[in-house]
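Thanks for coming, everyone. I'd like to walk you through one model today, so let me put it up on the screen.

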Amino acid sequence: AGKGKGPERKPLFLDRTKGSEILFGVAPCWLALAQARRALFRLFLKQSGGSGRPVRGEFALQAAARGGPVLHVPGRELDALSRGRLHQGVCLEAAPLPFKSLRDAEEPQLGDGESGSRQLLWLVLEHIQDPMNLGALLRSAYFLGVDRVVASQGNSCPLTPIVSKASAGAMEVFDVYGTDDLQGFLKVKSAEGWEVVGTVSRPRDVEDVPVISCSEFQWDKPVIVVIGSEGKGLSLETQLQCQRMLAIPPGRALHPGIDSLNVSVAAGILLHSICSQKRRHGD
């Protein structure tokens, strides 16, 4: 039951390029086509008339410009390709997008008196495993002007199509770096003159690291904001690499059990609190 026209569906699945994945949704697919950061194999568009036709025409032109075949398929095929997720009539078979290596990154030169270098902001993610949260974090970081995102590669969610969709396609245009030695990376950046600030969900003392409200933070040197996992926050080893911890003060006495924020929402508030100082300090 529910098999439909089995023979017609086989070509979509049997000759998938080895190691490929299926991006879904207008923004991830459009930006992946436009950015040319991935190998692209096939574009799948919903075959129908209606209001989506001009958009699908633009997709087909973009894919043709990249030399990729375009298949017009029934909506049920797209549902199968995206595993029932919201595809908006577009799926794209593509190579995965890996974390970038910090070894390949161009390091900014920190000049003493340059306000631009003083106001560099990097976001470091430790143990973020929920792809929806990771996508939302990338979307906020891109929107708010974070200069670089670095993730702890061994214990974080990979850069999957779900992450790309949750990021509204920001993942396709924003480099995400990975490191296998997060504490070593933070130690090096601290020695180079960066301020490393961690985050805590509740304003409380943390292993000899001072905790301040995010509204008290003064951005006067290049800063790395470190965000921890959804449940446990930052590991003790990472906390000890931080010079200060930032907390978001709650607006009421909180009921036990609902006394913290979603990690991506908290990151958005903290990053905005810091980024809003650009106008005050910038030359």
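Predicted model: local features only at pLDDT ≥ 70, side-chain atom pairs only at ≥ 80, totals over all residues.

Residues are numbered from 1 along each chain as its sequence is written, and side-chain values use heavy atoms, with hydrogens and water left out.

Let's start with the sheet. Four strands make an open sheet in the order β1-β4-β2-β3, with mixed pairing. Strands here are DSSP runs of E, at least two residues, and helices are runs of H or I, at least four residues, numbered from the N terminus. Two strands pair if DSSP finds at least two bridges between them. β1 (21–24) and β3 stand at the edges with a single partner strand each, so one side of each has no neighbour in the sheet. On average, neighbouring strands are turned by 25° against each other, direction ignored; the axes behind that are lines fitted to C-alpha atoms, for helices over the stretch in contact, and angles run from 0 to 180 degrees between N-to-C directions.

Now look at β2. Five of the seven residues of this strand (residues 40–46) are buried, so β2 is largely enclosed by the rest of the structure. By buried I mean under 20% relative accessible area, with exposed over 50% and partly exposed in between, using a 1.4 Å probe and protein chains only. β2 runs antiparallel to β4 (residues 90–94), joined by five bridges, and pairs in the parallel sense with β3 (residues 70–73) over four bridges. Phe44 stands opposite Leu71 in β3 and opposite Cys91 in β4. Helix α2 (residues 26–35) packs on the sheet, touching β1, β2 and β4, and its direction makes about 45° with that of β4. Contact, by the way, means heavy atoms within 4.5 Å.

On to the cores. A nonpolar core is a set of buried Ala, Val, Leu, Ile, Met, Phe, Trp, Tyr and Cys residues joined through side-chain atoms within 4.5 Å. The largest one has 36 residues, and those with the most contacts inside it are Leu121, Leu123, Leu125, Val149 and Ile227. Which element gives the largest share of this core? That is α11, with seven residues. Apart from this core lies another, of 20 residues, including Trp122 and Trp194.

Helix α11 itself is mostly covered, with 10 of its 13 residues buried; among them are Val263, Leu270 and Ile274. Its length checks out too: the expected span, 1.5 Å times one less than the number of residues, is 18 Å, and the end C-alpha atoms are 18 Å apart, which agrees.

Cys91 is buried at 0% relative accessible area, and Cys214 is buried at 8%.

Last, a loop residue. Gln241 lies between α10 (236–239) and β12 (244–247). Gln241 counts as buried, at 18% relative accessibility, and touches Gln183, Leu186, Lys187 and Val196, leaving aside residues up to four places away in sequence.
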